[in-house]
Amino acid sequence: MAKRPIYGVMAEFNTTKDVLHAARRAREEGYRRMDAYSPFPVEGLSEAIGFPHSRLPVITLIGGLIGCFGGFFLQYYPNVMGFPLDIGGKPFDSWPAFIPITFELTILCAGISTVVGMIWLNKLPTPYHPVFNVPRFQLASQDRFFLCIQSKDPQFEIDAVVRFLKDLNPREVNVVPV
Amino acid sequence: MEPLDPVDSPVAQEEPPAFVSPGDPFLAPGHSYASVTRDISGTVLRKTQRGWWIGFAVAISLFLVLNFGITLLFAIGVGEFGINIPVGWAFAITNFVWWIGIGHAGTLISAFLLLMRQKWRTSINRFAEAMTIFAVMCAGMFPFVHMGRPWLFYWLFPYPDTMGVWPQFRSPLVWDVFAVSTYFTISLLFWYVGLLPDFATFRDRAKHKAGKLIYGFFSMGWRGSARHWKRHEVCSLLLAGLATPLVVSVHTVVSFDFTIAIVPGWHSTIFPPYFVAGAIYSGFAMVIMLAIPLRKWYQLEDYITIRHLNNMGKLLLATGMIVAYSYVMEAFMALYSADKFEHSMIVDRFFGGGYGVVGWILLSCNLFIPMTTLWSHRIRTSTVGLFIVATFAQCGMWLERFVIIVQSLHRDFTPSSWGMFYPTPTDWMILFGSLGLFLTLFYLFARLLPSISIFELRHLVHRTAEEAGVIEAVEAE
């Protein structure tokens, strides 16, 4: 009989201290493909599972630069190239008057790219995810903490992982079906 | 509809919590992650209460008044407003400036206090942001209905039209379009990003299938992964950093609508900071006016504490003093300018036969009453007292916008062109109707969404417990 495919093994913890400790121990043990779940951002948890930095600020910067140059060009083009109007010999390229809109569009594009970038990097929307197959996982959005070691980890060996997680003071350990 | 009762969903009350928070000036003692989750989602995931229906009915009635006023306006034309030459801008523009100012306190609380790491923002930021969005919606409506031909509103946007003409990018009125639409978009995004984890909580707690589905849709499959939280936190901080200069720029641009003109009473360099301070002042007054009934009706006294009200009272006092300083400087600069039009404007503002009385009511509401009472700790910590003072400040700020706009316009350079403005019933209908729109949206918000950010409250429970040594802090690596 073929073995049922599994997503990973998940342990539930009562406190932030336990989940942080478990995540750090798992990394020391050599596990790399894992994720932790918590009902609020726990300091140090993303570092503990091996995710110290996010690339999001770069996306914000790119969005902001596009907004800044695009916003200025939006005004420069019609006033200087597209439809220049000579009003008492005043300069066409009156750049100080273009600053407010340039500023607003910088903020607009930077803000939109930040939010879209956050959602995109987080791979949302995710209509289905295996972790929800654990019945108590709905407490991850309420008051419990979870650590899941995924089956795609090169070191993954189901019995060893279950044994390892059971030693870390979990409330319970579950196998997560795909 | 069946009640969306959370009690029998598999939540944590089955087991006692690992610890409870010993409390803080900004959080009542004895709360755990589970209890804050239960309390805040309990305000939404339950049967609609009769009190809500009554309030909502009042709000909807006022909203219908707005619809009636706007229907008259669109059917007959802007002549329905009391405007004419010389007073071509009156109630609609006053309401616009007033509403958009109200929004500013929400952004200040959510963005600026986040950057300053002020933990007292936690329980007030969500509904203050909602207030911002609804206030900007009310504000955005006014320039639109004030146009003679509102169906051509899209001429304000730069689009490649067949005539080859473009908006006048050097005009503050066009800057306004960009500033207000950016402000609305960023506020909405900021609000949604904060709501994302709370939608997930609602998805997991809702009993009713429709609730699960709708909240699940908006949660986008949020599962509280540590990676997600990391990006979420970075995203919130970046948005806060972007929103803080934005909020200052928005009312600055609004003030440019006036300062760039040469009308005495408008043409003044103090306007940008003066308008921003006034905006924050009226915004905090509105936050107070919403927080006090909200905490009472939804029994949120554990989260919106007396200390919160005290802090907001102090901020009201501080921004009120900036406004007071601006009034003095405005008069001083007018007298110091040696410009006889400026002189006669400032004398007419308070001693003129036209709007002099309004000027004094404005000073009483905005300065004399708040600036004398808010120094008292007893008034700042009394819900009734603070609510009354905030109401005065709110009326005062509306009158300030009215006086700046109408009183300045009604007497310009040539006596032959002087004239009075008198509001018409349609003016009043649209003013009070806009309050109905705001209240309707706010009632829906309080019914359907968490009025306090749940995940940030859990974080607050954690932080306060850690600070008090109930749980040991885990050192970072």
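**Reading cavities and salt bridges**

Tutor: B:Gly106, B:Thr107, B:Ser110, B:Glu129, B:Thr132, B:Tyr183, B:Ile186, B:Ser187, B:Phe190, B:Ala243 and B:Leu246 line the largest cavity. This is a predicted model, in which local features need pLDDT of at least 70, side-chain atom pairs count only at pLDDT 80 or more, and totals for chains, interfaces and linings use all residues. Residues are numbered from 1 along each chain as its sequence is written, chains are lettered from A, and side-chain values use heavy atoms.

Student: How is a cavity read, and which element gives the most to the lining of the largest cavity?

Tutor: Rolling a probe the size of a water molecule over the atoms shows where empty space is left. A cavity is a set of points on a 1 Å grid over the protein atoms alone where a 1.4 Å probe fits but cannot get out; lining residues have an atom within 4 Å of a point. Here α5(B) gives the most, with four residues; helices are DSSP runs (H or I, at least four residues), numbered from the N terminus.

Student: What is a salt bridge, and where do B:Arg126 and B:Asp198 lie?

Tutor: A salt bridge is a side-chain nitrogen of Lys or Arg within 4 Å of a carboxyl oxygen of Asp or Glu. The side chains of B:Arg126 and B:Asp198 form one at 3.0 Å, N to O. B:Arg126 is in helix α4 and B:Asp198 in helix α5 of chain B, 72 residues apart.

Student: Are B:Arg126 and B:Asp198 buried or exposed?

Tutor: Both are buried, where buried means under 20% relative accessible area, exposed over 50% and partly exposed in between (1.4 Å probe, protein chains only). B:Arg463, in a salt bridge with B:Glu467, is partly exposed at 33%.

Key. On a 1 Å grid over the protein atoms alone, a cavity is a set of points where a 1.4 Å probe fits but cannot get out, and a pocket is an open set with protein on both sides within 12 Å along at least five of seven lines; lining residues have an atom within 4 Å of a point. Helices (H or I, at least four residues) and strands (E, at least two) are DSSP runs, numbered from the N terminus.
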